[in-house]
Every structure is written in structure tokens, then in C-alpha cells.
Amino acid sequence: MLKEKLLLKSLGGEITSPPPVWLMRQAGRYLPEYRSTRARAGDFLSLCYNPELAAEVTLQPIRRFGFDAAIIFADILLVPQALGVDLRFVEGEGPRLSTISSRNDLNNLKPIDEIDSRLSPIYDTVRLVKSKLPEDVALIGFAGAPWTVATYMIAGRGTSNQAPAHDLMKNNTFVFDLLIEKITTATIHYLRKQIEAGAEVIKLFDSWAGSLSGQDLINYSLKPLSKIVSALKQSYPDIPIIVFPRGAGEMYRGFAKKTSADAIAIDQTVPISFMKNLQVEACVQGNLDPTLMVSGGKKLVEETKKLRDQMSEGPYIFNLGHGITPDADPKNVEIMLNTLRS
Ligand code: 1CP
């Protein structure tokens, strides 16, 4: 008989004790086994496009820690690359992309029906992981949200304030809107394929939502996310979706409902009392401070217990407020898990 997947229960609105737990960036440089597989692959992108090795690093944190979910090893910037953008990762610096600023740049992007020639290894990774995953562990597929992906396509790199994207939005709204539309369509296609390959949950990362305010947040975070959720729900009504408009602050309220997402992921700047209130509209995920995975100690145990206890009256998924960092200590992950599950 199939064991029940804790993550799917919470996403379905059930209250579970303990709550399901996984970590953003759970496959990553804080794990020696990841560093070793990445070295075998050569570089980060080669690892993403190698289904055997990408499946291996996806499964590493499951074997070591017994998380309730695995998240496919890939990156949000693979979609721009599939659309024809040049992409490389500079060691110690981050991503570098060819930029989009004009109608002509947009016209040079590939049509949606050509993106799978680049993305098909990711679907193979999904299939491979699915075939090897313990039966009580859920498989999460993901993509970047259109606004966040656009910030990288416009600036050509990660930026602290997303100024180039804001400039294009103001000075050439026509091109900006078309870019958002193009990414939205590509993302729907990409996520459908992940689901067909075996993804059981989808997460949408709007990592830079916090730099949008007022009507811009509605137009460029909420609306594209709603469009993606609604397209996926139309074809796959039973696949739960987690949205993460990081840094949305007060605007987290109503976000799950307005996008029709099943769960809302919350960053570490939001107080627990506010998070609790969101459990009436959806399942809530978050929001332990990732720095506690570096510093550990009494505070890690206290904050873990606080989240577990205070969030226990509604559907909840334990996670960090953002990705685990390369300087995190795997021992602290174990301390957190023992605290949560004791
Ligand atoms: O050196 C390395 O090995 C590369 C580090 C790394 C990793 C492990 C990058 C480069 N991406 C990833 C994997 C990754 N990225 C996953 C895999 C699944 C997991 O969580 O284990 C996921 C979900 C992402 C998503 C992602 N990539 C986001 C959204 C989430 C977030 O962190 O806000 C973003 C913004 C990216 C872009 C990106 N990829 C990598 C870097 C260094 C960055 C940030 C660039 C920047 O803004 O400077």
C-alpha cells in the first residue's frame, strides 16, 4: 500500500503533527556530497542538464535528512536560456545573461515550441527522480515567476534593486509587457511538461516581488502568477501550487486567494502572528531565518519550536524564509529536524 505523503496532506488543507519539512536550496554547496557531484559534472549548468547527476543531487538531501519533499535540481534561469538567451555562471559572482531591451531583442527569442530542445533533460531528471524517490516523499517541480525571471533577462545579472527592469517597465512598457507575456507562456509550457514527467507539486519563485509595490505588484507579480496557476489548474486540477512572492510584506495577505494557489511561502521578515492569520486562506510555508542554519545553538532550537507550536492550528509546511546558504552546517539541519519531529 502506498504510504501517505505528508506534504500533500498539508497542501490539501490538513493539519499534521509534525508538519512536513523541506528546505529551499536543500541540494547545494553546504553538502560535501553535492560539491563532489558538481565537480564531476564540471560546472553548474552541466550539472543541471545531466539527468543522472541532477537526479543524484536532488536525492542527496533526501537520503541524508529524510525530508518530506524533493525539489528537482535545476535553475530558474534555464527558461531564458531555452528562449535563446546566452547564459553562464561566473564562479563566485553569479549568473551573466545577454540582455533584452528592445522589440528586436524580443523578436529574436525562440518560439515556445522550440524550448523543449533545451529543456528536455530537465523532464528526464523529473522522471528519474520520481522512479527513485521513497514513496512517502513528494516531488516538487518549479520555475521562476515572470517578474523575477525578467529582472535577470533585462539586467543580464542579479541586481540588488532590480533597477534595469524597473526602468524598462517605466520607459518601454510595451516591450516590458511583451517580455512578461512571453515568459508567462514559456513557464506554463515548462511546468506542464514537468507535471507530465511526474512532478506532484509546483512552486513558483517570485524572489524579487518585494521590489514591486502598489499596482506594479498586482500587474507584474499577482497577475502573471494567477495566469500560470489558472492554466495549470485547468489541465491538472489536483496538482497543488505554492507561490513565493518574497518580500511582499503586507501584500502576502490575499495573495494565495487571488492567485488561487494552494499555499503561500513566506520570507523571514514576516512575524509569526501575521503568518498564522494567513492559514485561513491557504496552507502556509516558512519562515525560519536561514542564518540559523549557520549559527545553530539554542536560538535554532527555540525558533524551530516556536514556529512548530504557533503554526500548529492550521495547514503548515516547515521551511526557511529563503534558501539555505553554502556556509550552513549540515549538523544544524539535523538539530532542526530532531527538534521539529520530537
Ligand atoms: O555553485 C553552485 O553550485 C550554484 C549555486 C546554485 C544552486 C545550487 C544556483 C545558482 N542555483 C542552484 C539551484 C537552484 N536554484 C534550485 C534547486 C533546487 C533546490 O532548492 O535545491 C532552485 C529552486 C533555484 C531557484 C533560483 N535560482 C532562484 C529562486 C530562489 C531564490 O533563491 O530566490 C533564483 C533567484 C535563482 C538564480 C540563481 N541561481 C544561482 C544563483 C547564484 C542565483 C542568484 C543570482 C543572483 O541574484 O545573484
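## Pockets and ligand site

The largest pocket is lined by 42 residues, and Arg25, Arg29, Phe44, Asp75 and Phe89 are those nearest its centre. A pocket here is an open set of points on a 1 Å grid over the protein atoms alone, with protein on both sides within 12 Å along at least five of seven lines, where a 1.4 Å probe fits; lining residues have an atom within 4 Å of a point. This is a predicted model, in which local features need pLDDT of at least 70 and side-chain atom pairs count only at pLDDT 80 or more, while totals for chains, interfaces and linings use all residues. Residues are numbered from 1 along each chain as its sequence is written, and side-chain values use heavy atoms, with hydrogens and water left out.

The space in the largest pocket is about 1400 Å³. Volume means the space filled by probe spheres set on the grid points, which are joined across faces, edges and corners. The elements that each supply at least two lining residues are α2 (32-41), α3 (44-48), β2 (87-90), β3 (94-97) and α8 (146-155). Of these, β3 gives the most, with three residues. Helices (H or I, at least four residues) and strands (E, at least two) are DSSP runs, numbered from the N terminus.

The ligand takes up the space of this largest pocket; the criterion is that more than half of its atoms lie within 2 Å of the grid points. Around the ligand are 22 residues, of which Arg25, Tyr34, Arg38, Tyr152 and Ser207 come nearest. A residue is counted as near if one of its heavy atoms lies within 4 Å.

| Residue | Protein atom | Distance to a ligand oxygen |
|---|---|---|
| Ser207 | polar side-chain atom | 2.5 Å |
| Ala27 | backbone N or O atom | 3.2 Å |
| Gln26 | polar backbone atom | 3.3 Å |

The protein covers 87% of the 900 Å² of accessible area that the ligand has on its own, by the Shrake-Rupley method with a 1.4 Å probe.

The shell around the ligand divides into 14 nonpolar, four polar and four charged residues. For the lining of the largest pocket the division is 22 nonpolar, 10 polar and 10 charged. Ala, Val, Leu, Ile, Met, Phe, Trp, Tyr, Cys and Pro count as nonpolar, Asp, Glu, Lys and Arg as charged, and the others, Gly among them, as polar.

Arg25, named above both for the pocket centre and for the ligand, lies in the loop between α1 and α2. Arg25 has a positive phi of about 60° although it is not a glycine. Pro18 is in the loop between α1 (6-11) and α2, and the peptide bond from Ser17 to Pro18 is cis, with omega near 0°.

The second largest pocket has a volume of about 170 Å³. Its lining includes Gln268, Val270, Asn287, Lys299 and Leu307. Elements giving two or more residues to this lining are β8 (283-288) and α15 (297-310), and α15 gives the most, with three residues. The lining divides into six nonpolar, two polar and three charged residues. Asn287 is found in strand β8, and a cis peptide bond with omega of about -20° joins Gly286 to Asn287.

Key:
Polar contact = N/O pair within 3.5 Å; in protein donor to acceptor, adjacent residues only side chain to side chain.
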